[in-house]
Amino acid sequence: MLFHTPLFLLFFSVFFLLYSFVFLRRTPRLWLILVGSLVFYAGWNYRFIPLLILSAVVDYAVGLALDREEREPRRKWLLSASIVTNLGILATFKYANFAMESASTFAQVLGYSVSAPVWDVVLPVGISFYTFQSMSYTIDVYRRQIPTRRGLLQFTAALSFFPQLVAGPILRARQILPQLERMPRPTWEGTKHGLVLITAGLVKKTLADLLAAPVARAFDAAEPVSLIETWTGVLAFAGQIYGDFSGYSDIAIGLGLLLGFQIPANFRLPYFASSPVDFWRRWHITLSTWLRDYVYISFGGNRAHLYRNLMITMLLGGLWHGASWTFIVWGAYHGILVVVQRLLERIPTVADWSANSNWWARLTKTLLTLYLVFIGWVFFRAQTLSGALTLLVDLHQPASLPATSGEAPAVALLCAVGFALICLIDLVVIRWAQGLERRRWLLWPLLAFGQGFAILLGETGHAFIYFQF
Amino acid sequence: MPSSTSSSDPVVASSELGTRQVALRAVVAGVALLTAGLLFTRCQTYVLDWVLLEDTRLREAVGLLPEVAETPGPAALFFGSSLVYVGFSPAVFDARLEEHGVDLRSYNFGFGGINPSIQRVLARRVRLAFEEQNRTLALTLVEFTPFQATEARARSNARSREQSLMMLATPTDILHLSLESPERAARTFVVRYLRMGLTAEAMTQVFGGLATTLLSAVLPSGAAALELPPEEVQAQREVQQAGLGLLVGLAKVYGGKPDPWDPEFRGELRLIFPETREHVLRLMQQTPSAFQSDLENRIRCCDIVDLGFDDALIDDFIATVRELAAISERVEVILMPKNAAWVKNPPEALARQSEVLDRIQRETGVPIADFQTLPGFDGSRFRDSTHLTSHEGKPEFSRLLADHYAPALRAPPRSVYQDPMYPRRPTGP
């Protein structure tokens, strides 16, 4: 079920009415959340519900065992069981075919004739998100950062909580379990803000879908396209992935607010970042903080082997997105950017410039960061590594490309406007949402217009990009 | 870690409202916003009704099917693509048949932007309408457009097919679809009943096309556009002006926007009036570069030269013929005249086409009349790489069809196999 479809509207309407007017006590509400979330998940494929339940049951049991166990070797073993189970499920469904294909290719390079068996497996939607969410519980319990939770119903409801189940934001156990414990009451202020976020998310998703065609023209065309169309495609993809993903996150957060729950922010104006490190503090915040807390810090953080730890973290971040060399290279690329930034900041001149906050310095840093991020998106979107490299060459060698067709400048301008609008919507929501929510004469017409825009032009057949991760 | 929303934390619990009051307000606000959004969309669909001619034409024709089926007297249907829409005149056809002593009322059921999968659904609606009235058609001609049944067309036409299917869905179709895919059924319901059959994709095409056209007129053009010689650029400007003049002229004739499927003209694209004749004649004189551009577009979207056929679309076409044969005394598959001056199919493509036609004939039992290479229909009878001109090609072809079918129509209804037809493909192996 996609958030921007009539079917989800029907589902959520029924759920909301039952949640708000019928199931008023905690336990029935937990059951409603669990059953509703499983119905939501079954909208994709009911066959993978047992996998979700398995992840929940294993980690709940590990949590209970960790509570009873004091011996460190045994605690480590229990934690390993949780991690192996979750990553095993992830590896099986997401990386098995990729691993076999890569091994086969490597063997062929070495001169052996090997053909990799292909396992016909469907990637369960949301598996990358809920396995990470589940692992965060056992790791936090192991680190004694949170107490063990009792109540399998509550735990499973937390893991399957439908607003964020299939494409995040990645909720940590410490963020959602206490809320399910106390069952917060929705407030009118929270509800208004939720409606603002839902509308903003729908509008951004609509704009993102409108950018899809120029993206396909640049990345999927059988023959090279003109320079303007190539750059337009890259710009459009930057807008598309941001509008799509942040739109989904906004809707998820908004839905949570309608029910009284606080879901953490996932984006904070990433295209206004002043450096690669700053970009990762603003983009997919819940994933980057998860990787920081559970991978980067576990490997030693900045206490030892800083650059190695940064590269490992970013590589895993790339690999998390998909079983493809393009994602691994994308992760490695951002790892190199982050490492190089850290190295350069050891030079006093560079450190001074990096700390300079006058408008010219900020503009330069932002534009440079934007360019570097756009280059990275080429790897993210391309179907193959060779396709990505070809596109990168095309972006910087116009002589080899066909001449621009008549409509290309107009399409480029429209894409730039679309990109700017997506960024502007976030700016408005982050900076001025409270002021807007106090002015009813402005708020409701704006929301009505936003809903109208999304209904008029929203192509409900397009899934969200991050569903494939 | 404290959680936060994507703005600074909202003021929490400053209201004294209870949970139910907040929920009630949320429901009211949600319903109001959705209603406002839907009203906004409905207004836009009314406005765009005039712009999205192909979709509106399809919807209006389906809406008028009961009236067509109820009309007394022998009737004929010419069912096909935009080639039929542009290239067949029921008035000329019927008048010519009358000269041969045949009384018949024909209808133009040609629609642009479709392919056999849409035609199949439309044919079913036609069948249902006639069965409901317990009537049959005296003659049904089903046009097979080779380039509409290619793999390239299946890929390029995916959205339009989905939209047309949503537009043509009946309540029973939606019910059956809900068992297969609740998501698609809900979407189909919304498009069919709340959006007047117009999908967001159609809206996007219109607004996007409009924005691109307006901006292209203002922004510097790409280098490719500058390669045209000055006389071609001038000729293109004149054609654009003629197009605008035609729209203004038609508005004067009809006192507003013309009906995309006009029951008075029985679905004919009637363009030539005193107010519009001059503009139509100018529009029919497209430049060689325009022909070339149109051909390249057809190659890209539909593989018109090499004809890589799509089996599923051929299956749909065969099903279309069967649907219409069920309510017709006489039915024949025809191929419209081809602009051989521009569309030059290699022998392999013609061989593939021949195989497909053999298959259609074999599986439907319906004869095929191939008018692709009619004498006298050279490049001058075409306004682009595929469509006949309004002032010469259409009336001439309509008269030819009448002359061709008049002998069979004078005779009592019987198997069409027994009637001498020209030109005609041999039936059977």
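# Cavities, cores and salt bridges

By class, the lining of the largest cavity splits into 10 nonpolar, 7 polar and 2 charged residues. Here Ala, Val, Leu, Ile, Met, Phe, Trp, Tyr, Cys and Pro go down as nonpolar, Asp, Glu, Lys and Arg as charged, and the others, Gly among them, as polar. Before going on, note that this is a predicted model, where local features need pLDDT of at least 70, side-chain atom pairs count only at pLDDT 80 or more, and totals for chains, interfaces and linings use all residues. Residues are numbered from 1 along each chain as its sequence is written, chains are lettered from A and ligands numbered from 1 in the order in which they are written, and side-chain values use heavy atoms, with hydrogens and water left out.

Back to the holes. Rolling a probe the size of a water molecule over the atoms shows where empty space is left. The search runs on a 1 Å grid over the protein atoms alone: a cavity is a set of points where a 1.4 Å probe fits but cannot get out, a pocket is an open set with protein on both sides within 12 Å along at least five of seven lines, and lining residues have an atom within 4 Å of a point. Grid points are joined across faces, edges and corners, and a volume is the space filled by probe spheres set on the points.

The largest cavity comes to about 170 Å³. It has 19 lining residues, and the closest to its centre are Pro146(B), Phe147(B), Ile304(B), Lys338(B) and Gln372(B).

The second largest cavity has a volume of about 60 Å³. Its lining includes Gln133(A), Tyr137(A), Phe155(A), Leu159(A) and Ile176(A). Helix H5 (127-142), helix H6 (152-160) and helix H7 (173-182) of chain A are the elements that give two or more residues to this lining; helices here are DSSP runs (H or I, at least four residues), strands likewise (E, at least two), numbered from the N terminus. Sorted by class, the lining has 7 nonpolar residues, 2 polar and no charged.

Next, an open space: the second largest pocket, with a volume of about 1200 Å³. Of its 47 lining residues, those closest to its centre are Thr5(A), Pro6(A), Leu9(A), Gln451(A) and Leu34(B). Both chains supply elements to the lining with at least two residues each, including helix H1 (6-22) and helix H19 (440-457) of chain A and helix H11 (200-218) of chain B. The class tally is 27 nonpolar, 13 polar and 7 charged.

Now for the packing. In the largest nonpolar core, which has 150 residues, Tyr271(A) and Trp377(A) touch the most other members. Such a core is a set of buried Ala, Val, Leu, Ile, Met, Phe, Trp, Tyr and Cys residues joined through side-chain atoms within 4.5 Å, and buried means under 20% relative accessible area, with exposed over 50% and partly exposed in between (1.4 Å probe, protein chains only). Helix H10 (residues 227-259) of chain A gives the most to this core, 16 residues. Neighbours within four places in sequence aside, Trp377(A) is in contact (heavy atoms within 4.5 Å) with residues including Phe237(A), Tyr271(A), Trp283(A) and Trp330(A). Another core, of 80 residues, lies apart from it, with Leu64(B), Phe88(B), Leu357(B) and Ala369(B) among its members.

What about charges? Side chains of opposite charge can pair when their charged atoms come close. There are 29 salt bridges over all chains, each being a side-chain nitrogen of Lys or Arg within 4 Å of a carboxyl oxygen of Asp or Glu. In one of them, Asp67(A) pairs with Arg150(A), the closest N and O atoms being 3.0 Å apart. Asp67(A) sits in helix H3 (residues 49-68) of chain A and Arg150(A) in the loop between H5 and H6 of chain A, so the pair ties together parts 83 residues apart in sequence.

In chain B, Arg266(B) and Asp94(B) form a salt bridge whose closest N and O atoms are 2.2 Å apart. Arg266(B) is in the loop between helix H12 (230-254) and helix H13 (277-283), and Asp94(B) in helix H5 (residues 90-99), so this pair joins parts 172 residues apart in sequence. Both Arg266(B) and Asp94(B) are buried. Glu363(B) and Arg359(B) also meet in a salt bridge (2.9 Å, N to O), and both lie in helix H16 (residues 347-364) of chain B, 4 residues apart, about one turn of the helix.
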